Amino acid sequence: MTDVVDSDELLRRIQRARACAHEELLAWRARSADLARADAGRADDARDARTRGIAYEAVLKVLDEIVTPGRSAAPH
């Protein structure tokens, strides 16, 4: 990462990362829902999928805040 990039390229990279995080969030939510409907023996897998979904949700919120400051701000 020694290349210098301009702000437009940096924004494009952040937007691509945001899109990727959104896709992963949806995939892990779907996997969690599928595993939750499966037998009780898959409870650990369902919990792991939920945890991964929460992690991607956090990443998505951070990237959203970078791209659009204040958009995800919670009301006080």
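**Exercise 1. The whole chain**

Among contacts in the protein between residues at least 6 apart in sequence, what percentage join residues at least 24 apart? Describe the overall make-up of the protein as well.

Solution. 
- Step 1. The model is a predicted one.
- Step 2. Of the contacts between residues at least 6 apart in sequence, 56% link residues at least 24 apart.
- Step 3. The secondary structure consists of two helices and zero strands.
- Step 4. The protein has 76 residues, and buried residues make up 17% of them.

**Exercise 2. Helix H2 and its cover**

Which residues of H2 are buried, and what does their cover include? Begin with the length of the helix.

Solution. 
- Step 1. Helix H2 runs over residues 43-67 and has 25 residues.
- Step 2. From its first C-alpha to its last, H2 reaches 36 Å, close to the 36 Å expected at 1.5 Å a residue.
- Step 3. The buried residues of H2 are Ala46, Ala49, Gly53, Leu60, Leu63 and Asp64.
- Step 4. H1 is included in what covers these buried residues.

**Exercise 3. A salt bridge between the helices**

Which parts does the pair of Arg18 and Asp64 tie together? Give the distance and the exposure of each partner.

Solution. 
- Step 1. Side chains of opposite charge can pair when their charged atoms come close.
- Step 2. Arg18 and Asp64 form a salt bridge through their side chains, at 2.4 Å from N to O.
- Step 3. Arg18 is in helix H1 and Asp64 is in helix H2, so the pair ties together parts that are 46 residues apart in sequence.
- Step 4. Arg18 has a relative accessible area of 23% and is partly exposed.
- Step 5. Asp64, at 11% relative accessibility, counts as buried.

**Exercise 4. Salt bridges within a helix**

How many salt bridges does a search of the whole structure find?

Solution. 
- Step 1. The search finds eight salt bridges.
- Step 2. One of the salt bridges joins Glu9 and Arg13, whose closest N and O atoms are 2.9 Å apart.
- Step 3. Both Glu9 and Arg13 lie in helix H1, four residues apart, which is about one turn of the helix. At 35% relative accessibility, Arg13 is partly exposed.
- Step 4. The side chains of Arg47 and Asp44 also meet in a salt bridge, at 2.3 Å from N to O.
- Step 5. Arg47 and Asp44 are both in helix H2, three residues apart, about one turn of the helix.
- Step 6. Arg47 is partly exposed, with a relative accessible area of 44%. Asp44 has 52%; exposed means over 50%, so Asp44 is exposed.

Terms used: Residues are numbered from 1 along each chain as its sequence is written. This is a predicted model: local features need pLDDT of at least 70, side-chain atom pairs count only at pLDDT 80 or more; totals for chains, interfaces and linings use all residues. Side-chain values use heavy atoms; hydrogens and water are left out. The expected span of a helix is 1.5 Å times one less than its number of residues. Buried means under 20% relative accessible area, exposed over 50%, partly exposed in between (1.4 Å probe, protein chains only). Contact means heavy atoms within 4.5 Å. A salt bridge is a side-chain nitrogen of Lys or Arg within 4 Å of a carboxyl oxygen of Asp or Glu.
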